[in-house]
Amino acid sequence: MIDTLTGLFNYWVAVILMMTGLYVVVAQNNLVKKLVGLGLFQASIFIFYISIGKVAGGAPPIIEPGVELYSNPLPHVLILTAIVVGVATTAVGLSLVVRISESYGSVEENDINQADRLAELETGDDQA
Amino acid sequence: MLLSLLLAVAIAALRLRDLFAVVMLFGIYSLLTALFFMDLDAVDVAFTEAAVGAGVSTILLLAALRLVGRYEKPHRHNPLLPLVVVCATGAALIYGLSDAPRFGDANAPAQTHVAPRYLSEGPAETGLPNVVTAVLASYRGFDTLGETVVVFTAGLAVLLLLGMSSPSPIPDFGSEDDQRMQRHAAKGLIPFILLYALYVQFHGDFGAGGGFQAGVIFAAGLVLYDLVLGHLHTRQVIQDGLLIRLGALGVLIYGCVGLYSLLSGQPYLDYSALAKDPVHGQHLGILLVELGVGLTVFSIITLIYYAFSARRVKA
Amino acid sequence: MNLLIDVLSGLCLLAGSFLCLTGAIGLVRLPDMFCRLHAASLNETLGTPLILLGLILQVGLTLTSAKLALIVLFVLATNPTATHAMSRAALHSGERPIVDPEAQEKSSSKS
């Protein structure tokens, strides 16, 4: 039981952090806060992956004479790619938010949905 | 311990209404994640997360906040449904992880498939002690090419969305006389930051580092210049037209290295075709490829920051 | 000789950690933004180089200690600048230090 607890603790905390980030994305109204939540979600997934790659008693995967056991380098490579792609998508998301704010006047999801519904009603009246 | 701090920061970011504080907490979260990675022997990843997450991401979020508005409006909505969904997903994930290999297990499937070969043959085949750089640039070169193109595409997307307005002719903050102290400190630090970026770029073969980290640190030096001395001056130092060409040049270098191998009769991105001795070929190929990556990352991140910084705040 | 270096480095580490801890406590407990900034920044600007000095004594005279010495210089250069920038930004956005606590309590307080 204790073995399970210490062995799986990292993964459980990563899952809890993931769910916190997911809650921010789903339940918060402000678009910038949603993007921050997405960033929290991504970082928790990185924690999960790097926890998979750790070998107990290993060293960082830089080959040095005299060290026998190294941690797994493959998750490091994948997460390096993921971090940079994450910041690229955050940048694109933020530029979308800036354009939305200039076009609708607000970055709250409620206001944007309401403005869209009103615009639909107006164009529906015109077409009908 | 670090993990409980992370949880506290995440919950605080969830509850706050002041978006400035939320962005700062996100920066702290990234820094704690970088410390956690150091604890798990992931030195390259910790370096990148600290530079990218705690540095560039926070700066971009703050630049967007300046254009969008600092406070979140209070809203009344029922949090029950999202909470139920989130808890159900979390419970399902934790249940699914119940027979995952235990943390630190040396016989886990992740550790026994292809990693031992990278660790044992990597330095011999590529000539680099840093196995992460060797895997990133040589064994998994296609992924890195895709990533470089993704960064370039993101820069294009930001340019399409925000455009690049010309810098305002009104003198902005940087030329005021009482910013003297920040100006002097920045002028003293920026050469060392740029030098350090070059050091990280070329030292990535032997220690933590490589193209991505170097590009980000170089961009951070330019962002500091922009913050302290004003956007007008920074645009005169490096024009945006030059930046987009440098970004394209980086991707082109990467692609052409692969093309050269293809034209020499070897598979695409097989660096042993670049020199008579395969190990020298690998070394040369990795050097060129990391150069391309560093060039693209630096120019695109600076370009994205320019796009946010030049945008005028609509009243 | 080794014992002396160990004791010295341990003292430096302890002193540095104590300073950083009290700076953090001051960050939470002090009443005003400028007081908090003062506590946190001053303590860290001495505490971090002390901790790094303790690490330098532990490692000896190698490339690593040269890098650590560079980090000390960097911290000494950037921490006061950042503090200056933060206090100027606070002044610019309207915060004023509490000068007379009783007068502050009588009028509505900002924080």
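## Basis of the model

This is a predicted model, in which local features need pLDDT of at least 70 and side-chain atom pairs count only at pLDDT 80 or more, while totals for chains, interfaces and linings use all residues. Residues are numbered from 1 along each chain as its sequence is written, and chains are lettered from A and ligands numbered from 1 in the order in which they are written.

## Chain C

Chain C has four helices and zero strands, where helices (H or I, at least four residues) and strands (E, at least two) are DSSP runs numbered from the N terminus. Its radius of gyration, taken over C-alpha atoms, is 18 Å, well over the 13 Å that the globule rule gives for 111 residues, so chain C is more spread out than a compact globule. The globule rule is 2.2 Å times the number of residues to the power 0.38. Along the principal axes, the C-alpha atoms of chain C fill a box of roughly 60 × 25 × 15 Å.

Of the 111 residues of chain C, 14% count as buried, a term that requires 20 or more other C-beta atoms within 10 Å of the residue's own, with C-beta atoms placed from the backbone (exposed means 12 or fewer, and partly exposed lies in between).

## Contacts between chains

Two residues are in contact if their C-beta atoms, placed from the backbone, lie within 7 Å. Of the two pairs of chains in contact, chains A and B share the most contacts, with 82 residues of chain B in contact with 69 residues of chain A. Helix α3 (residues 43-68) of chain B gives the most to the side of chain B that touches chain A, namely 15 residues. That side of chain B divides into 57 nonpolar, 14 polar and 11 charged residues, where Ala, Val, Leu, Ile, Met, Phe, Trp, Tyr, Cys and Pro count as nonpolar, Asp, Glu, Lys and Arg as charged, and the others, Gly among them, as polar.

Five residues of chain C are in contact with five residues of chain B, and the side of chain C that touches chain B has two nonpolar, three polar and no charged residues. No contact joins chain A and chain C, whose closest C-alpha atoms lie 16 Å apart.

## Two pairs of packed helices

The axes of helix α1 (residues 2-15) and helix α2 (residues 19-39) of chain B come within 9 Å and cross at roughly 165 degrees, which makes α1(B) roughly antiparallel to α2(B). Axes are lines fitted to C-alpha atoms, for helices over the stretch in contact, and angles run from 0 to 180 degrees between N-to-C directions; those under 35 degrees count as roughly parallel, over 145 as roughly antiparallel, 65 to 115 as roughly perpendicular and the rest as oblique. The residues of this contact between α1(B) and α2(B) divide into 15 nonpolar, one polar and one charged.

Helix α3 (residues 73-104) of chain A packs with helix α8 (residues 141-162) of chain B at an angle of about 10 degrees, with their axes 9 Å apart, and α3(A) is therefore roughly parallel to α8(B). The contact of α3(A) with α8(B) involves 14 nonpolar, four polar and three charged residues.

## A buried loop residue

A:Asn72 is found in the loop between α2 (31-53) and α3 of chain A, and A:Asn72 counts as buried because 28 C-beta neighbours lie inside 10 Å. Leaving aside neighbours within four places in sequence, A:Asn72 is in contact with A:Gly53, A:Val55, B:Ala110, B:Gln111 and B:Ala115.
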